[in-house]
Amino acid sequence: MPADNELTAKLTRRLDRNEALEQGQQVTNTYRTTGVSIYSEFSEFSRKQIKEYEKAFKKYDAGGDGYLDLEELKVTMERLAAPQTHLSLKAMIKEVDEDQDGKLSFREFLLVFRKAAAGELPEDSGLCRLAALTDIDVGQVGVNGAANFFESKIEELTKTSKFEAEIREEQEMKKRELEQKKLRRAEFKEKASLFSQQN
């Protein structure tokens, strides 16, 4: 039985690593630094939530280096209409900066949301405001996604129906034209036969 557990653990680690690699550079860096998949470490979040947080992180990471530095955090807070002083920005980073490099990695960014969900952040803190203003409502995202999906399907069906209606209309017009042609031919033949009878 211990061999089964060991194999299961290895396969789970490999699966987590492969999934992390598929998710892109941010998650890959996280796996390398901690040795654990971001999905395993932050199991309180769904995969969909983590992907949404990663999208937000990448949007805030103007330099694209995989970190939020002081300037990027400043700009982010200003865009979220919650500007912070230089000292409070430094305090925000220090609160979750586990490797003490003065910037936030994606993993440390997720720590903000973990702490906010656990109620470990003071309500008036910059990190609490960041979490509240960035928080991803996956249910809403899903509903919007479904709504957009169904709206596009309805639009597609409407276009198809409109297209089919136009085709039917053209076919009806061709039928009427053919019937009129037949009537004109019949009238012509009738007149031609009258003319030939008179001669």
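**Helix packing and loops**

The buried residues of H8 pack against H4, H5, H6 and H7. Here buried means under 20% relative accessible area, exposed over 50%, and partly exposed in between (1.4 Å probe, protein chains only). Contact means heavy atoms within 4.5 Å. The model is predicted: local features need pLDDT of at least 70, side-chain atom pairs count only at pLDDT 80 or more, and totals for chains, interfaces and linings use all residues. Residues are numbered from 1 along each chain as its sequence is written, and side-chain values use heavy atoms, with hydrogens and water left out.

**Overall fold**

- The protein has 9 helices and 2 strands, taken as DSSP runs (helices H or I, at least four residues; strands E, at least two) numbered from the N terminus.
- Along the sequence, the order of elements is α-α-α-α-β-α-α-β-α-α-α.
- The protein has 199 residues, and 28% of them are buried.
- Take the contacts with a separation of 6 or more: 51% of them join residues 24 or more positions apart.

**Helix H8**

- Gly126, Leu127, Leu130, Ala131 and Thr134 are the buried residues of H8.
- These residues cover an arc of only 140° around the axis, so they sit on the same side of H8. The arc is that of the directions from the helix axis to the C-beta atoms.
- H8 spans residues 126–134 and is itself part of the cover over the buried residues of H6.

**Helix H6**

- H6 runs over residues 86–96, and Leu89, Met92, Ile93 and Val96 are buried in it.
- Viewed down the axis of H6, these buried residues fall within an arc of 90°, so they line one face of the helix.
- An α-helix has 3.6 residues a turn, so residues three or four places apart point the same way.
- Leu87 and Lys94 are exposed, on the face of H6 turned away from its buried side.
- The cover over the buried residues of H6 also includes helix H5 (70–79), strand S2 (104–105) and helix H7 (106–117).

**H4 against H7**

- The axes of H4 (residues 47–60) and H7 come within 10 Å. They cross at roughly 115°. Axes are lines fitted to C-alpha atoms, for helices over the stretch in contact, and angles run from 0 to 180 degrees between N-to-C directions.
- H4 brings Ile50, Tyr53, Glu54, Phe57 and Tyr60 to the contact. H7 brings Phe106, Phe109, Leu110 and Phe113.

**Loop between H5 and H6**

- Ala81 lies in this loop.
- Ala81 is not a glycine, yet its phi is positive, at about 60°. Most residues other than glycine have a negative phi.
- The relative accessible area of Ala81 is 60%, so Ala81 is exposed.

**Loop between H6 and S2**

- Gln100 and Gly102 both belong to this loop.
- Gln100 also has a positive phi, about 55°, although it is not a glycine.
- Gln100 has 58% relative accessibility and therefore counts as exposed.
- Gly102 has 40% relative accessibility, so it counts as partly exposed.
- Gly102 is in contact with Ile93 and Asp97, leaving aside its neighbours within four places in sequence. Ile93 is one of the buried residues of H6.
- Gly102 and Asp69 are 33 residues apart along the chain, and their C-alpha atoms are separated by 7.0 Å.
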